[in-house]
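Here's a walk through one predicted model. Have the structure open and follow along.

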Amino acid sequence: MAVASTLLTIPESRPVSDRGLIQRGLDRCPLPQFALWIAPWAALLAFGLYAAYLCLRLGLNQTNMDNRFAFGLWIFLDLTVIALGAGAFFTGFLLYILRVKELRAVIQSAVVIGFICYSGAVCILAVDVGQPLRFWYTFWYPNVHSMLTEVTFCITCYLFVLAIEYVPQVLRNRRLRQAPGALVFEFELHKLMPVLAGVGTFLSFFHQGSLGGLYGVLRGRPFAFREGFAVWPSTFFLFVISAAAVGPCFIALITALAEKLSRKTLVGASVYDVLGRISGRLLIVYVLFKTIDTLIWINRTSPSHGFPAHRFYQWIPFGTAILLAEIVLFGLLPALLLLRPRWRARRGLLLTAGALACCGVALNRFVLTIQTLAVPTLPFDRFLTYFPSWQEFGTFLAVIAYGVLLYSFSFRYLSLFPRERELAARKERS
Amino acid sequence: MTSQTGKTKAARYGMVVDLDRCNGCGACMLACAVENNVPPAAPGATDRTGITPLRVYRYENEGRVVFVPIMCQHCEIDTPCVAVCPQQAVELDPATGIVGQIPQRCLGCRYCMAACPYHARYFNWSDPEWPAGMERALNPAVAPRMRGVVEKCNMCHGRWHEARELAAARGESGPVAYTPACVEACPARAITFGDLNDEASLVAQMARQNEAFRWLESIGTGSKVYYRSRREWVRESSRKEVNGRG
Amino acid sequence: MATVRRDFLKFAAGAGAGLVCSPLPWRLVGDSALWSQNWSWIPKTPRGEISYQPTACTLCPAGCAVRARCCGSQPVSLWGAGDPLCPAGLCGHHLAFHPARLREALHGNAHCRPEQAFEAAQKIVADAGSKGSVAVLDLRPGRTASILYRQHLARLGGRYLTVSPTIGPTLAALAHTADRGAVPAFDLDRTSILLSIGTPVLEAWGAPGRMLNPERKFKLWQAEARQSATALGAERWFRIRPGAETAFAAGLIAAIDGDRATLRRAATLAGIGEDELSAAAQELLKTTAVVVADTHPVLGPPAQETLRAVACLNSRLRAIGRPGGIIARAETPIPSAWGPLAAETPLSAVPDGSLQLLFIDDSTPGAPLPWKWIAAKLAPGAPVVTASWSRHGLARTSHYALPAIAYLEGLQDVPTPPDASVARFALSLPLVEPAAGAIEPVEWFGRLAGDATPLAARLKERAAAIQAGKRGAVRSHAGEMVAPDKLATADTFWGALVAGARWTDGPSRATLSTKGVSEPPFALEATPEELTVVPTAWFGADVSPLMTKLWVESDLKPSVQLVYLHPETAQRLALADGAIVRLETACGACRVEVRVDDSVQTDALEMAASHAWLALGELKDGAWRAAATRVVRL
């Protein structure tokens, strides 16, 4: 059959082979080549783990954070990866609740991406807090008024949900499915999928929002403080919309990257179109709300606290250019690119727009984390700057390496893209 | 706390700091460090990573100088740090008005430090280290903290406890009078401390005067540490929009 | 057989539910909480009975009464008894643990036998005879130990040296006006205006609790080139040009005398308007005013010409011999059995190269002293033996360094402070054991001079002499008067002192005359054109590791790595905040970072008083001054 002809013929006598672990019918590079790809990322992971070890062993004086910059690179990265990983819940929501069938092609990859993002964020948090062993205090003595309590609960629960969604994929691996009960377990879990998707959506909505709420409720920081609806500041909703908008972009980017690196077509073109279209619409909504919110903040919220907004932008490099870049260059522009079908159809433009949107979200999280802390609040305060130490960069790079490694292993040994075989056969025929 | 009759008036301990008297000697900073077992600077510490629960700032404006001691302002309106702590490691004690930090509960997430506009909270970036033998000279009434937790001024809560026990032993009830370390130490007697709920107290009277003001009044934190100065430019700077230095 | 898996699952679920209802998981949860709160390397606080012990602070001549809160026998905090303490006083109990403490005898920076220094010194004393070539430099004059040094030196025919006169340069300049047996003293309780020319009155002069007291009776006028903490806290600040202290005083004198020409010249040099000077002089004349120009802890005493002008100004203001001005007071009684005492000589008056042996009593933390100044006085090969609290500073450059007993470790007394109107006597009671090998410097030198009497015995003798004088009053540590009948004998008097009581003298009937007080004209020098470096506020010695709170962990005090420039100076030199520069003078150089600061004086650079600053300077006119400075951008 066509499948047989597409099998890579690996001599049976070759001693080192993981053919038995790779899904039947899937075309993967030889193990030595894979090892060559993995090696530098593994080294980076090892280096990063050492940096993290130093921080855990010697204390957070290994970082360049200080009493003024209580949050630094790690918190900024946590927020960014969680926003980028929102594709997991949103794709699930779109597929299982709104029944956007094209997304079935990427849902598994999205779950892996989500799992990587959330588990990576949790690992960084474990290093970032001063007393990681006390993590359970938040569950034991929760503060119902605190956004961070909400974030902790929801992120932990959602990570659990993602794990439950990821486990079936792992269990479907060619070798593992032979274990007794694995398939049964996987089947049972599969039946839960829509429920899990619903739960995941609910949890994600709240923690994406609460992450925004973290900054919006800071009355002591007029730069970040926003008015809102009931107990939820406007940043709550802006974070949800921006995360939902950017999640699909990130999935598209990762899928394109996987296609490029594996030199295969993994999804149909319509998937990109759907992802781009959804992103574009959400982005334009986000840009609209963000603009309104910024105008309200400039004209009402900030002055009512005694701080004219323009005063926050008088220091290099945090001038008004940053605000404009965030809303226009990294918000409006990608939204427009993604909204027009003709532009969306051009893969290069779509991916560029996706990258711009992801940068926009990163910039937004950066501004709220770093600029909030950099600007002075008291007259005898100073504008201060902060640059992370190598240990902070190292830990961050460890998470990147971890993500690449986990995704690489998932791609190689699991069937992340259900249409891969079919598209490969079509390509072979044409 | 309740007495036999069931009802006791709560105290609201506050301060009035006279900026015209403060000459920036730093005695209060050292008395606070001695009283609260704050360790000396860790290797590599700077003014951004040091622990100074009470810190005196030198504010210079067009050649005029004022020294401003800043400690936790014990905000009582939607206390920013209390609202944001994920595990209730800080609480506003309704009986005293003191915002008390519980370092043993603190996870070290530092969200409260981001929330505090007065920069009154300090993180233990390193394990505390005292020169050999100096731990014998620690104050027995206060537990040293470990690295990874946040600490701040708690109006010498240990001294309040001691005063309360003595008062209870004498059979007295009601708000107790005590003196925090910085108030006792100031050579210029610049800090006045007491129960703001007691209208007749000196601190309550001073807080009501025209020369009294609070920093960041516009944010509405309900700070219980008032400052006073006869110099208009000092009071004006507390109302002026932020301009910062540097 | 039933399926194993299902049974196993049922068992596991049941076990899980049962476990949750047992104490085990909650216990583990609680234990991990305790475990994460009590790491073994976090020190445990001491346990013991809390008590309050009386003593007195010897960290500066103010000698404030101290109430030490002790846990068991260890002081855990120090508080003022009566007047509050200064920052150094609050953490004086950390001196015993300071990493910089000198704990072993050193010879040229290497460990040596403790007796080595004594043997070397003994040999020189035997050879030197009474030629005046053996000297003691007492860096904390005014104590009973200081009297004992003078006694030993009288026997050895040596010199007793101080950096600055014990009663202060302003009063020392008027010492010749006092009756025999009396010395001049400020009568600040009845002063209306204290005019200070460059003296750090609110920082390092009298007791801070007294100077900073909001109910202080006198108004302070400060004439100073920079906006020091004293200038800020003064009721009036005259921003004079640097080096124009003499001109300022001379200007006031000229305004009083009606000498317009001198007034104009002085006003120009001082940078103060003629009208302002005249008005100030008139205001001073109308009330009880007195002028002080005393030693800056780092700069040293004012110039001789300034002291002459200040003496004349005090005379013009009729402050000499008048209540509220400068009055005569008796000295604290000295037992007549102690025999003759060597006179006090300023270090700058010693001929260069004339000393065969110099003993330095550096047992109290103080301002850094330039080694060059001392080295100039030594004959070739002459050793310096320093009894010091610290491994740094003088101990590092001396030939022999001996660990000294410091504050709270030995029985001492406190001198009469520079702002006191009557003599006083109080004991600084020891609260901790000194380190093994630490010496009481005056006992060591006494042995050298052939007198092994312990200091405690001498203090008792002095107390007996005071008691025998039947003058003055004694107040307990809590401030209450002690009835005279409780002080009827020397023993009861000593018992009161050992319980923390303090003796103050009664008023003296001695008088001061105005004969021989300097008269104009005074040499008015134009301030040099070139840039010089002046020290910023001296904020007390590094008594405790906690003092990092003031300058490492905050920016309250100037950092020793910075130099501060007025914006005009910075503009002239084309330097911005953060620039790294090298300051070069004829005497030395150092590398610092620039800070631009409005409050700094306009035509000088300012640095924290430190060894780096000392290296730039030279001894001039009895005081340390920075030489003309070149600023090199790096």
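About 1,400 Å² is buried between domain 2 of chain C and domain 3 of chain C, and carbon and sulfur atoms give 52% of that. On the domain 2 side, R226(C), V298(C) and L299(C) lose the most area to domain 3, together 41% of what that side buries. Counting residues instead, 16 from domain 2 of chain C are in contact with 19 from domain 3 of chain C. The centres of domain 2 and domain 3 of chain C, taken over C-alpha atoms, sit 25 Å apart.

If you want to find these pieces on the chain, domain 2 covers 188-324 and domain 3 covers 531-633, while chain C also has a domain 1 at 50-97.

## The charged link

What does the interface of domain 2 and domain 3 of chain C hold in the way of salt bridges? The rule finds one across it. Take a look at E606(C) and R226(C): their side chains meet in a salt bridge, at 2.6 Å from N to O. R226(C) has come up already, as one of the residues in domain 2 that lose the most area to domain 3 of chain C. As for polar contacts between domain 2 and domain 3 of chain C, the count is one residue pair, with both residues at pLDDT 80 or more.

## The sheet around E606

Now to the strands. E606(C) is in β26(C), standing opposite Y564(C). The strands involved are β23 (residues 562-565) and β26 (residues 604-607) of chain C, which pair in the antiparallel sense over two bridges.

Zoom out and you'll see an open sheet of six strands in chain C, running in the order β22-β26-β23-β25-β24-β29, with mixed pairing. β22 (532-535) and β29 (630-633) of chain C stand at the edges with a single partner strand each, so one side of each has no neighbour in the sheet. On average, neighbouring strands of this sheet are turned by 40° against each other, direction ignored.

## Salt bridges elsewhere

Over all chains, the salt bridge count comes to 63 by this rule. For one in another chain, go to E236(B) and R239(B), whose side chains meet at 3.2 Å, N to O. Where do E236(B) and R239(B) sit in helix α7 of chain B relative to each other? The helix spans residues 232-239, and because E236(B) and R239(B) are three residues apart in it, about one helical turn separates them.

Methods
Residues numbered from 1 in each chain as written. Chains lettered and ligands numbered in written order. Predicted model: local features only at pLDDT ≥ 70, side-chain atom pairs only at ≥ 80, totals over all residues. Heavy atoms only, no water. Pairing = 2+ DSSP bridges. Helix = DSSP H or I, 4+ residues; strand = E, 2+ residues; numbered from the N terminus. Axes fitted to C-alpha atoms, helices over the stretch in contact; angles between N-to-C directions. Domains from an automatic or database assignment. Contact = heavy atoms within 4.5 Å. Buried area = accessible area lost by both parts, 1.4 Å probe. Salt bridge = Lys/Arg side-chain N within 4 Å of Asp/Glu carboxyl O. Polar contact = N/O pair within 3.5 Å; in protein donor to acceptor, adjacent residues only side chain to side chain.
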